[in-house]
Structures are given as structure tokens and as C-alpha cells.
2 protein chains.
Amino acid sequence: MSYLIQHRQQKILELLAGKEHVSVTDLSKSLDVSEVTIRTDLNKLDKLGKIARIHGGAYLIEERLKQEYTFQTRKSLNHSNKQKIGALASTFVDSSDCILLDSSSTVLTLAQAIKKRNDLKDITVIPTGIWTAIELMGCSNINVLLPGGYLRHTTGSITGLPTNDFFRDLLIQKAFLGAWGISYGEGLTDTHLLEIELKKFIITRAREVIILVDGSKFRQIGLSAYANINQVSKIITDASAPAEEVERIRNSGVEVLIAN
Amino acid sequence: MSYLIQHRQQKILELLAGKEHVSVTDLSKSLDVSEVTIRTDLNKLDKLGKIARIHGGAYLIEERLKQEYTFQTRKSLNHSNKQKIGALASTFVDSSDCILLDSSSTVLTLAQAIKKRNDLKDITVIPTGIWTAIELMGCSNINVLLPGGYLRHTTGSITGLPTNDFFRDLLIQKAFLGAWGISYGEGLTDTHLLEIELKKFIITRAREVIILVDGSKFRQIGLSAYANINQVSKIITDASAPAEEVERIRNSGVEVLIAN
DNA sequence: ATTAATTTACGATTACTTACAATATTTTTT
DNA sequence: AAAAAATATTGTAAGTAATCGTAAATTAAT
């Protein structure tokens, strides 16, 4: 599983777009390379004018760049694998369900898969991202219930206190969530605190939690965890997921499905 | 197992289309040829401009994925008039304001006008339609607070009980509303009951109500009224509005502005 | 038999890591 | 509040590993 520098640097920018600031130490751990490598990466990106280097890490102040690494670009990463994951996940949706779809790009492919299934009648979808909402807008058999909250312009996700309030009185049957990183030890991690808070809360309101992650998310660790592995009922991923990690998770009793 | 070169290179492109990044090592293994062969393939594809070569592999150079939400800027005959109305309305927005924009197409032009004004600092916009929300998403100086509620397929507006609940605790400085019909006698009318309910409610929560209607809306009457003329503080319209009706409204004490 | 495609081999290049001294930052002491 | 000590972060250099391009050797295709 050879890493490409381009890939890594893009990941750094992606991370930065989500949380404005990154530290060399965290990046080193998350991306599994030495700190020196991260430093040269950051210095390179600094020279290119893409980030602002500071002692201990880097900042991304320019709004222009944040938008560059928005949802649209994330969507194109690993797209075919993500589509397979979405297709498999859609088989777990039934008529009359009330499901939640988070704002991750992997979960968006689930929305697309649901659209194609015309056997589903009268389902209610609660999307926590605006792009998913739009994806599902045209479907007459799908009720879209949008949560209130602040709209993040980088990712199009809906978060904040109003969002948590919105979910307080709801009971969701199935919550489909993505993650920035997943590992047996650290659990499910993400990079943005507001989203972490929201996901934590959603899990308490959902009867069944299904995780959708492509293989690249294994061995990545985000800023903070929103759940342990054993808090979820299913994990759906693709064949590029590292086998030994999958095995470890399975041994702990959590169902892991590989989409092909 | 002998492949044709073109076949193999096509396969590389296909793999790339899904993964965005590919490494020489992985390609060599999966296509069962030596790394040198892969390298010459990649270099060839690079020369053709189909991929971008980097140390260790290659990445896809895709023409900027078009924003797929194919903005349904409703092809209205009065578009230029609406734009003028939006531009004039934007002069009533100040820094630090908290304003509400409804889901009508006329008010959408106000959102576009606000985007262009970079003298406005730190304003909060509550849009009751998803298209307005997206229009304002990119702007760093604008906080977008999305109300919760059901998303209507046809118009992209957010309505229903959850929406009313959302506004219950809010106090809005300025509410910019459209209307399906406007007349001195019937007041401001609309065609959809949920939207009527919502607008009635919004008016009770707003300190100032500003109506944006193009001239064609005069002498149209909808299903039911959401407000009387004298409940609003300003009406902004264009030169095509019938003069005698405008005069009648002005005489009742409501300010009517004509955008040019 | 001739040409094209691929592989093997190898020195050159690039990328990454470890190690370490220099600098910056924070904490503790005075 | 300043000085001293402890901690963290930095850039550089040397060593290791991976990847590169080239060319000769091998294999496949016509």
C-alpha cells in the first residue's frame, strides 16, 4: 500500500479545510509518516502559498482555498469504491423507514443508490448535509426532513446547537454515518468538533448505526473519536480495507461487510 | 494472459477514474506486468495529457467537476426586473444584521446582490429555501442558519411544523418575503398553505418586513393571504407595477420603492 | 526473420527516516 | 517580572529504502 506524496498533501489540505489548524504531531500520527516528512510537506505547501506555516503546525486562512477542497472534490476521491459501498448499503433500507444520512461523501452515494430503488415506498430521510438533501429532492417517494442549524460552507454540513436541538425529540431507525478515520483501537474519528458532537448525539437517538467508510479511512485517525467500534451495528467498506484490521473488528463482534 | 497495450492503458485510466491516485507498484501487481512497463505506460499517458505523472504513480487530471446542482434559475421573463429589485433591496442590509430570506425567486436575486457586497461584515442569513442557502454558502462573511423542516420537491422551500418550531425562539431584524399575489384589497397572498402558515408566523417574529415583488404579481390573487398590506414596512417592486395600485398602497401609509 | 513489447539489471534520483544540534516556546524558579 | 530550566519544534545531515530512466537481453507477434 504505497503512499503517494500528492495524495498525502491533498489529505493535509483536506484536513485543514475542515478544521482550520493542524499540528505536525497530529498529522504525523494520522497519516502514519515521520514528522520530518510532514514538515517538508507543510513547507512545500507553504511555498506554494496554499497554507500558512506556523510553529508546530499550519493554518489555512484563505477562504478561497477552503472552498477548493469542498465536498465536490472529496466526492471524486475513491468514487467507484464509494459507489459500491453505497449500493450495498441501500439494501438495508426498507419501505416506511426513517433514516438519517450524514454529510460524508461516501454516504452521498447511498442517497444516489436509494434514488434508483423504486421499490421503496414512503421513506423519510434526514440528511445532515445539504448536498444529500438536494440529491434526494426530486424523488416523490422520499420525504426529506432537513435539520436546522448552521451551514458549513466547506462541506455543506449542518451543525451547531440548533441541530442538536432538532434531534432531541426524534427517534431514528437507522443512521448511516461516514468517518474521517476508523481503527479498532481509536474507533470512529472525525476532524471537526461540531460534527463530532453531532454524531455523538445522533448515535444516542438512533436504534441502528451503520458506518460507511472506504478502505482509505482505515489507518487514518482524526482529531477526536465520536464512537467506539462496538457502538455500531454494521460497518460497510470496500475490498481495499486492510484485512487484518477488518478481522480484528469482526472478532470484537461487529459485522463488517465488504462491497464488491 | 497477454493483453494489448491499449487495453492495458485503458484499464489504467479506468482504475484511475475511480481511485484518483494510482501507484506504479499496485498497477504492476493488479495488471500483472513489470513496473517498467507500467512506467512507460504512465509516461505515455502523461505525454498525451490524459494523466499527471508523479513520483510513485499518477493522478487523474479531471476538468473541474461541474457543480451538479444545475441551478434551476427559474427562467422567468422578468429576470432582469427581479435583479433590479434584488439590488435595491440589498441596500437595506447592514453589517451584523440577522435577516431572513424566503424561498421565492425574487428574493433569490437579493441573495445574489448581497454576495456582491463585500462591505458587509458578519451578517446572519436565515433562508427558508435551499437554493438561497446554496447561493450564500461560499461567502465567508455570511453565516447561513438553515431552519429545520420538510423540503418541498417543487420549490426547494423548507416548511412544516419543525420550521415553525425553529422560528419560535428567534427574533429576526429584517424579513425579506416574496408573494404569489399582491393587491391593496386582498393583501399578500400565496398558493401553498404550509408556506402561508410559515410566513404568517415569520411576520410575528420579525421587526421589519420587506416585500419583494415584481410587477406581474399585482392583480394576481393566491389561495389565501398571509398578511395585510399595512403589516409590512416596505414593498420593493419594478416599473411594471400598475401605477394606480401602487398609489393606493402608498396612500395607506406603506412605503413602495420602484427599482430601476 | 524482423519488429515490437516486455523484462531484467543497474546506477542515478527521489523520498523517507533516524539522529542531533540549534532555535523557539512554555514552565518553573528566583 | 526576569532568569533559568524544561519541553517542543525546527532544519540539516547522513543513512536507508523506494522509484526512476536507460539499455541490453528476452519474449511475443506478424
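Guide: Begin with one pair of residues: B:Arg53 has B:Ala58, in strand 3 of chain B, as its bridge partner. Strands here are DSSP runs of E with at least two residues, helices are runs of H or I with at least four residues, and both are numbered from the N terminus. This is a predicted model: local features need pLDDT of at least 70, side-chain atom pairs count only at pLDDT 80 or more, and totals for chains, interfaces and linings use all residues. Residues are numbered from 1 along each chain as its sequence is written, chains are lettered from A and ligands numbered from 1 in the order in which they are written, and side-chain values use heavy atoms, with hydrogens and water left out.

Visitor: How many bridges join strand 2 of chain B to strand 3?

Guide: Two strands pair if DSSP finds at least two bridges between them. Strand 2 of chain B and strand 3 (residues 57-60) are joined by four, and they run antiparallel.

Visitor: What is the order of the strands in the open sheet of chain B?

Guide: The order is 1-3-2, with antiparallel pairing among the three strands. Strand 1 (21-23) and strand 2 (51-54) of chain B are the edge strands, each pairing on one side only. On average, neighbouring strands of this sheet are turned by 25° against each other, direction ignored.

Visitor: Which strands of chain B does helix 2 lie across?

Guide: For angles, axes are lines fitted to C-alpha atoms, for helices over the stretch in contact, and values run from 0 to 180 degrees between N-to-C directions. Contact means heavy atoms within 4.5 Å. Helix 2 (residues 24-31) of chain B lies across strand 1, strand 2 and strand 3, at about 75° to strand 1. Helix 3 of chain B also packs on the sheet, touching strand 2 and strand 3, and its direction makes about 130° with that of strand 2.

Visitor: Which residues come nearest to DNA strand C?

Guide: A residue is near a strand if one of its heavy atoms lies within 4 Å of it. Of the 14 residues around DNA strand C, the nearest are A:Ser34, A:Thr37, B:Arg8, B:Ser34 and B:Thr37.

Visitor: What do polar side-chain atoms of these residues lie close to?

Guide: A polar contact is a pair of N or O atoms within 3.5 Å. A phosphate oxygen of DNA strand C lies 2.8 Å from a polar side-chain atom of A:Ser34; for A:Thr37 the distance to a phosphate oxygen is 2.3 Å, and for B:Arg8 it is 2.7 Å.

Key: Polar contact = N/O pair within 3.5 Å; in protein donor to acceptor, adjacent residues only side chain to side chain.
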